[in-house]
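Hi,

Here is the structure I promised to pass on to you. Have a look at it first, and then read on for what turned up.

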Amino acid sequence: MLEQIEGSQAIAKSVAACRPEVVAAYPISPQTHIVEALSALVKSGKLEHCEYVNVESEFSAMSACIGASAAGGRAYTATASQGLLYMVEAVYNASGLGFPIVMTVANRAIGAPINIWNDHTDAMSQRDSGWLQLYAENNQEAADLHVQAFRIAEELSLPVMVCMDGFILTHAVEQVDVPETEQVDKFLPPYEPRQVLDPLDPVSIGAMVGPEAFMEVRYLAHEKQLQALELIPQVQEEFKAIFGRDSGGLVRPYKCEDAETIVVALGSVLGTVKDVVDERRARGEKIGVLGITSFRPFPTEAVREVLEGVKRFVVLEKAFSVGIGGIVSAHCRAALQGTEFVCYELIAGLGGRNITGASLHRYFDEAVADKVEPTTFLDLDRSLVEQELEREANTRRSGAPAENIIRDMQDRVNARMDLEVSKKADRR
């Protein structure tokens with residue numbers, strides 16, 4: 001049903017249409033509205049046969065989902081940022097045990113310093129946890145990906161994170177064709193677990209595995225991710241046949257056929273990038289966009305097919321690996337191993353900083369002329385960083401760097417305001 005609806009509410013309705021039997025909930029911004037909405041659906045009876053479990057922490061939320069899945073129930077939870085880090089041990093257990101849990105990650109920066117705004121640092125920190133990771137460009141795709149996630153997870157018996165940008169998507173109100181239960185029932189079969197705890201047929205789940213078999217068990221998780229590369233496009237096509245919408249898949253090329261420059265990105269920033277690309281196309285520039293929906297498993301062949309032979313590509317990343325640089329760009333380079341390519345990393349939007357069309361235009365003006373550094377931090381005020389480095393070099397007890405930078409920034413603002421006041425006084 002087409003509704004003007006907040007992203008979080010759309011996700012709650014989409015999840016409810018999948019008939020979860022256990023929802024484990026612990027609030028953390030910006031995902032709180034999702035589990036709040038699910039609680040209301042359970043309480044009102046609109047979501048039937050579902051145990052809504054209020055837990056005392058994110059670790060407990062994932063643990064409850066593991067227990068529910070082991071008992072044969074369809075399980076769901078949601079988290080963000082520090083909440084995801086708090087449940088990390090259980091996150092690895094869920095994938096290692098092969099439980100098909102679906103979890104929304106409302107992407108948010110990780111502290112310190114404390115920051116509640118959006119970037120991709122939280123989910124990227126768990127890229128090697130064994131979970132599938134699907135990134136939504138908009139709220140329609142986010143709603144659709146949750147339905148597909150349950151199908152993919154249960155087919156492979158692997159957990160799936162659906163990543164959507166915190167606040168940018170979770171709190172945005174827009175038109176969404178929310179999946180309805182009748183449609184979902186045609187697409188998502190009743191849950192039939194591959195493993196289940198049954199008192200009449202006792203088994204051990206999560207037993208000790210020694211060196212003689214641990215490698216094989218871990219490789220099995222890798223093999224299932226490779227199977228997901230085949231399954232995800234199939235699920236996308238089946239979803240399109242029933243719902244009439246083309247959501248999901250591995251990658252989404254946009255105006256890449258004749259492109260000399262391609263911008264690679266994940267998540268909601270794709271909308272801004274596409275607008276900028278349209279403007280540059282209008283003035284004759286051959287530029288396109290490659291949106292990556294499936295970051296885990298990483299679609300190496302699909303990425304190579306689009307990027308191979310292009311003059312250059314720019315990977316816009318909302319997270320980075322401290323001490324080396326881009327994360328997604330390293331994957332793209334690996335996909336093009338053995339070929340000649342020019343790759344630029346553009347780190348942007350950290351901690352929720354705006355990624356504006358004007359800033360992207362300025363950067364692309366330089367990038368298409370190959371006049372940018374291999375790694376660029378968009379709109380970085382380098383002078384603030386250098387001021388703090390100088391302070392640390394000159395003063396042993398230099399203080400907290402984050403607070404120092406904020407104070408330096410405020411001093412500059414105050415100085416500019418004083419200058420404006422002085423100019424006005426002189427004009428009088």
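A word on pairing before anything else: two strands pair if DSSP finds at least two bridges between them. Helices (H or I, at least four residues) and strands (E, at least two) are DSSP runs, numbered from the N terminus. Please keep in mind that this is a predicted model, where local features need pLDDT of at least 70 and side-chain atom pairs count only at pLDDT 80 or more, while totals for chains, interfaces and linings use all residues. Residues are numbered from 1 along each chain as its sequence is written, and side-chain values use heavy atoms, with hydrogens and water left out.

Let me start with strand 7 (160-165). Strand 6 (residues 132-135) runs parallel to strand 7, joined to it by four bridges, and Tyr 135 stands opposite Cys 163. Strand 5 (102-107) also pairs with strand 7 in the parallel sense, over six bridges, with Ala 106 opposite Met 164.

Ser 157 is buried, at a relative accessible area of 5%, and its side chain reaches the backbone oxygen of Gly 98 at 2.6 Å. Leaving aside neighbours within four places in sequence, its contacts (heavy atoms within 4.5 Å) include Phe 99, Arg 194 and Lys 224. Gly 98 itself follows helix 5 and has a positive phi, near 75°.

Helix 5 (88-96) has Ala 90, Val 91, Ala 94 and Ser 95 buried. Seen down the helix axis, these buried residues fall within an arc of 135° (taken from the directions from the axis to the C-beta atoms), so they line one face of the helix. They pack against helix 3 (58-70), helix 4 (81-86) and strand 7.

In the loop between helix 5 and strand 5 you will find Ile 101. What is its relative accessible area? The value is 0%, so Ile 101 counts as buried. Among the residues that Ile 101 touches, beyond four places in sequence, are Met 62, Ala 94, Trp 131 and Val 160.

Now to the cores, meaning sets of buried Ala, Val, Leu, Ile, Met, Phe, Trp, Tyr and Cys residues joined through side-chain atoms within 4.5 Å. The largest nonpolar core has 100 residues, and Met 62 and Ile 262 are among those with the most contacts inside it. Helix 7 (residues 139-156) gives the most to this core, with nine residues. A second, separate core of 21 residues includes Ala 265, Val 289, Tyr 363 and Ala 367.

Finally, there is an open sheet of six strands in the order 9-11-10-13-14-15, with mixed pairing. Its edge strands are strand 9 (251-254) and strand 15 (375-377), each pairing on one side only. Strand 14 (residues 343-347) pairs with strand 15 in the parallel sense over three bridges, and Glu 345 stands opposite Thr 375.

Enjoy exploring it!

Best wishes

Definitions and conventions
Buried means under 20% relative accessible area, exposed over 50%, partly exposed in between (1.4 Å probe, protein chains only). A polar contact is a pair of N or O atoms within 3.5 Å; within protein, one must be able to donate a hydrogen and the other to accept it, and residues adjacent in sequence count only if both atoms are side-chain atoms.
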